[in-house]
Amino acid sequence: MRESTIKEHNRFFLNMGPQHPSTHGVLLVVLEMNGEYVLDPQPVLGFVHRMHEKIGESRPCQGFMPNTARMDYVCALPYNHGYVSLIEKKAGIEVPKRAEYIRVITSELNRVASHLLWLGAYLLDLGAFTPILYGFDDREHILDILEDITGSRLTYCYYRFGGVCRDIDDKFVEATRAFIKRLRKRYVIYEKLVTKNIIFIKRAENIGIISPDMAIRYGITGPNLRGSGIAYDIRKNEPYSVYPEFDFEVPVGERGDCLDRYMVRVREMEQSLRIIEQALDNLPDGPVRSKVPKKIKLTPGDCNFAVEAARGELSYYLIGDGTGVPYRLKIRVPSYSNLSCLQELGRGILLPDLVSIMGSFDLVIPEIDR
Amino acid sequence: METISTLPPELIRMVIAVIIIISFIFLNAIMMGYLERKIAGHVQRRLGPMEVGFHGILQLVVDGVKLVAKELLIPINVDRTFFRLAPILSFTPVILPLLVIPFSEKLQARDLNLGLLFIVSMTSVNVMAILVGGWGSNNKYSMFGAMRAVAQSIAYEIPILLSMLAIILMTNTLSLKEIVGAQQKIWFVLLQPLAFIIYVISGIAETNRAPFDLPEAESELTAGFHTEYSGIGFSLFFLGEYTNMFTVASVATVLFLGGWHGPSLPYGEYLGIVWFFLKVYFLLFFMIMIRWTYPRVRFDQLLNFAWKYLVPFSLVNILITAVVVKL
């Protein structure tokens with residue numbers, strides 16, 4: 001819709017959120033509209049701000065571990081992973097190889113769970129009720145597997161400085177292998193129900209096109225960036241943990257529309273399964289936790305560590321001052337940058353398309369607000 | 001007794017018919033609500049309602065009691081007259097089409113010679129209720145829903161009428177009883193497959209069912225036109241929706257699926273109703289399955305589909321029918 005055709009008195013404001021089914025949490029988007037056309041969507045953040053960074057700066061670094069899982073509760077283990085790796089890098093703590101393998105396996109399982117949930121939630125945004133329950137059905141198996149070893153189903157606190165808190169057993173390995181087999185069979189159902197569904201394709205194709213240039217300008221990362229055709233994945237480009245030992249691909253899209261972002265996530269699930277399989281095959285023996293001093297001293301100076309979370313690049317930045325309490329802790333979360341392009345992307349489109357675009361970003365609001 | 005015998009028998013018949021139909025409407029809503037939730041459950045690999053009664057069979061009765069017993073909540077800034085009028089307007093006209101539908105050869109309240117026209121005009125009152133409710137709610141989301149409903153209803157009433165016209169051309173009558181009678185040998189679905197497909201698609205759109213449920217698209221408009229309604233107001237909209245579905249399926253059965261015709265039963269002139277209901281509920285089952293399978297279309301796609309595909313195809317269909325029948 002061209003700007004010139006809109007009369008001033010036809011403009012009105014619509015508050016979408018903070019209690020709206022499609023904002024996936026307490027996000028408010030103030031929409032300036034003309035009829036059903038969105039002229040200017042403005043996200044308003046801060047409804048679930050809990051001062052996680054400040055909490056991190058006010059207690060010994062071990063005490064912040066549970067908080068890491070409360071930021072992105074859908075995919076919490078990479079958040080654990082980033083934080084423990086940061087402190088290990090800062091304090092020079094060695095990690096046994098078996099522990100790194102377990103970290104990779106559980107993180108990737110968590111990534112698959114997150115993508116499954118997103119798949120259902122996105123289709124729910126488009127008005128299909130059934131896929132979310134199929135996604136939940138599969139995700140339930142992952143949660144059961146992870147619950148057995150981590151003790152929690154959603155907000156994990158499983159990794160420790162220098163390893164993980166509990167070794168995995170044969171039951172875990174068996175259950176994970178069974179799950180991989182099961183999910184591969186279920187792809188067929190998802191393909192029939194969603195990927196080849198004509199209404200879904202019409203709702204997602206050529207909607208919300210993010211050009212590679214725009215993606216870089218806004219600092220978009222993760223599947224949203226790869227949907228635009230840029231093969232940037234921290235696991236490949238700045239390898240951490242034991243990721244270099246595994247053979248996996250980085251799926252990319254072509255056009256950068258919602259359908260590409262969907263396809264990238266679906267293909268990423270398969271790559272995660274491949275990583276898990278390889279890790280289970282080559283799982284080394286040995287301890288899962290190294291000796292760590294009771295009081296960890298953070299040496300003066302800054303330190304940064306980035307991991308690939310389910311939504312994109314998650315990076316922790318820390319300044320130490322010689323004590324056990326971080327002087328400054330800054331967390332760069334992917335959803336914040338991903339959301340920032342909504343305003344440019346959402347000008348002059350229909351309201352249902354805005355819902356579709358926001359759904360395709362895979363936003364987790366508590367992560368943005370922290 | 002004397003007063004009753006002096007009344008015209010027609011009036012007594014109508015009163016009895018209306019009572020039966022109103023009780024059937026409630027029964028139908030309960031059955032449809034239960035079916036919808038049970039089928040949705042099984043489609044989604046869960047059980048659906050299981051707690052109240054055998055396999056949750058009394059769930060909808062309990063829900064109904066809850067809805068009726070709820071406080072009548074009227075938000076502060078609404079247009080009170082319109083807000084109260086809308087649910088009544090949605091519920092009242094849905095009774096009338098059932099008066100002329102021939103459930104079997106002898107089970108029909110009144111055989112109007114303009115029966116089809118009567119049904120079409122009565123079912124289109126429903127959109128008025130949505131408009132009044134959406135406007136009266138004084139809520140932007142409700143207003144969106146109402147506006148969508150009007151545009152959608154206008155767009156899809158045309159292909160519905162055009163597909164009916166093809167049948168009327170073949171039978172030369174608007175009386176539903178005679179249309180069913182004309183299908184003694186062959187059902188019209190075999191002679192008019194295109195009209196049947198167009199009718200079913202438009203019928204789903206006309207009753208605001210997914211994937212065309214844009215007036216209440218909950219992921220965009222929270223709940224669309226009935227966002228502000230709760231309790232009895234909501235349940236009247238709900239009753240109206242299910243009865244409209246039943247009407248649309250009944251008309252499809254009458255026009256295309258041979259009405260009460262089927263393998264002969266004893267007392268066929270009455271028990272034809274069994275075949276009629278089987279066909280109607282098969283169509284309703286189909287509509288429920290569609291709802292739980294497909295995502296929602298976008299509004300411009302919906303209107304484009306009506307004007308660019310359904311209307312031209314039904315016009316071509318009428319042309320072919322006219323040429324074949326009248327030559």
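In which sense do strand E6 and strand E7 of chain A pair, and over how many bridges?

1. Strand E6 (residues 301–309) and strand E7 (residues 312–320) of chain A are antiparallel and share nine bridges. Strands pair here if DSSP finds at least two bridges between them; strands (E, at least two residues) and helices (H or I, at least four) are DSSP runs, numbered from the N terminus.

2. The model is predicted: local features need pLDDT of at least 70, side-chain atom pairs count only at pLDDT 80 or more, and totals for chains, interfaces and linings use all residues. Residues are numbered from 1 along each chain as its sequence is written, while chains are lettered from A and ligands numbered from 1 in the order in which they are written.

3. The hairpin between E6(A) and E7(A) has two residues as its link. Cys303(A) has Leu318(A) of E7(A) as its bridge partner.

4. E7(A) also runs antiparallel to strand E8 (residues 328–332) of chain A, with five bridges between them. Ser315(A) is bridged to Arg332(A) in E8(A).

5. The contact between the chains involves 25 residues of chain A and 22 residues of chain B, where contact requires C-beta atoms, placed from the backbone, within 7 Å. On the chain B side, the elements giving two or more residues are helix H12 (218–221) and helix H15 (299–326).

6. Arg84(B) lies in helix H4 (residues 80–91) of chain B. Leu72(B) is twelve residues from Arg84(B) in sequence and 10 Å away, C-alpha to C-alpha.

Key: Two residues are in contact if their C-beta atoms, placed from the backbone, lie within 7 Å.
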